[in-house]
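Take a walk through this fold, one feature at a time. Keep the sequence beside the model as you read.

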Amino acid sequence: ARAPDAAARLRLKWPNDLLVDGAKLAGILVEGETLPDGTFSVAVGIGVNCISHPSDAPYPATDLERVGFPSDKAALLRELGAAMPRRLAQWRGGEAFGEIRADWLLRTAQLGEQVRVRSAQEIHGGFAGIDEHGRLLLAMPDGVLRTFAAGDLHLSGPARGQGAS
């Protein structure tokens, strides 16, 4: 492999980004809806910057080629195809989210750091992890712990533009 230190360089950013060396490499989008027959359907989209990345993004971005990771698309799809059933089996229909949460927390970015969350408004606080439902835990300066089910997470400091994630 061209990047033997890959695992040490990868971090997860709540709720859906994969970072390498602090720059966005990939993202996951999950959309769900209840169908007319009452079943719940979910679509999972995964985007990976393989050989290029946005240069005008309001946040740091990178791609596999730039950071020295193998960028063979067929190999990437094989790896994703093998990993997805393992993670779905681990999830067990939502019964084992605690296991996934524990794995996620081992690879999270910004844990314990000051961050900004943009939802209906921008809130500053300390990133305290995620709860048993996958919601962001934000420690407020007054000691109150707030939860967020959705929003954009940013390291604290000046905003670099709108829509950053």
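Start at Ile46, which lies in strand β4. Helices and strands here are DSSP runs, numbered from the N terminus: helices are H or I with at least four residues, and strands are E with at least two. Ile46 counts as partly exposed because its relative accessibility is 42%. The cut-offs are these: buried means under 20% relative accessible area, exposed means over 50%, and partly exposed lies in between (1.4 Å probe, protein chains only).

This is a predicted model, where local features need pLDDT of at least 70, side-chain atom pairs count only at pLDDT 80 or more, and totals for chains, interfaces and linings use all residues. Residues are numbered from 1 along each chain as its sequence is written, and side-chain values use heavy atoms, with hydrogens and water left out.

Ile46 belongs to a nonpolar surface patch of about 990 Å². A patch is made of residues with over 30% relative accessible area and no salt bridge; like charges are joined within 9 Å, and nonpolar side chains (Val, Leu, Ile, Met, Phe, Trp, Tyr) within 5 Å. Accessible areas come from the Shrake-Rupley method with a 1.4 Å probe, and for residues only the protein chains shown count as cover.

Now look at the backbone. Most residues other than glycine have a negative phi, and most peptide bonds are trans. A cis peptide bond joins Trp14 and Pro15, with omega at about 0°. Pro15 sits in the loop between β1 (10-13) and β2 (17-20). In the loop between β2 and β3 is Asp21. The phi of Asp21 is positive, near 50°. Asp21 counts as exposed because its relative accessibility is 51%. Gln110 also has a positive phi, near 70°. Find Gln110 in the loop between α3 (97-106) and β5 (114-118). Is Gln110 buried or exposed? At 10% relative accessibility, Gln110 counts as buried.

Next come the charges. How many salt bridges does the structure hold? There are eight. A salt bridge is a side-chain nitrogen of Lys or Arg within 4 Å of a carboxyl oxygen of Asp or Glu. One of them joins Asp17 and Lys24, at 3.2 Å from N to O. Both of these residues are buried. Lys13, Asp17 and Lys24 are linked in a network of salt bridges.

Another salt bridge pairs Glu122 with Arg118, their closest N and O atoms 2.9 Å apart. Glu122 is partly exposed at 35% relative accessibility, whereas Arg118 is buried at 15%. Arg135 bridges to Asp131, with the closest N and O atoms 2.6 Å apart. Arg135 is partly exposed at 30%, while Asp131 is buried at 5%.

Finish with the aromatic rings. Rings of Phe, Tyr and Trp (its six-membered ring) pair if their centres lie within 6.5 Å; planes under 30 degrees apart count as stacked, over 60 as edge-to-face and the rest as tilted. The count by this rule is one aromatic pair. Trp104 and Phe127 form it edge-to-face, 6.4 Å centre to centre with 90° between the planes. The pair links distant parts of the chain: Trp104 is in helix α3 and Phe127 in strand β6 (residues 122-130), 23 residues apart. Both Trp104 and Phe127 are buried.
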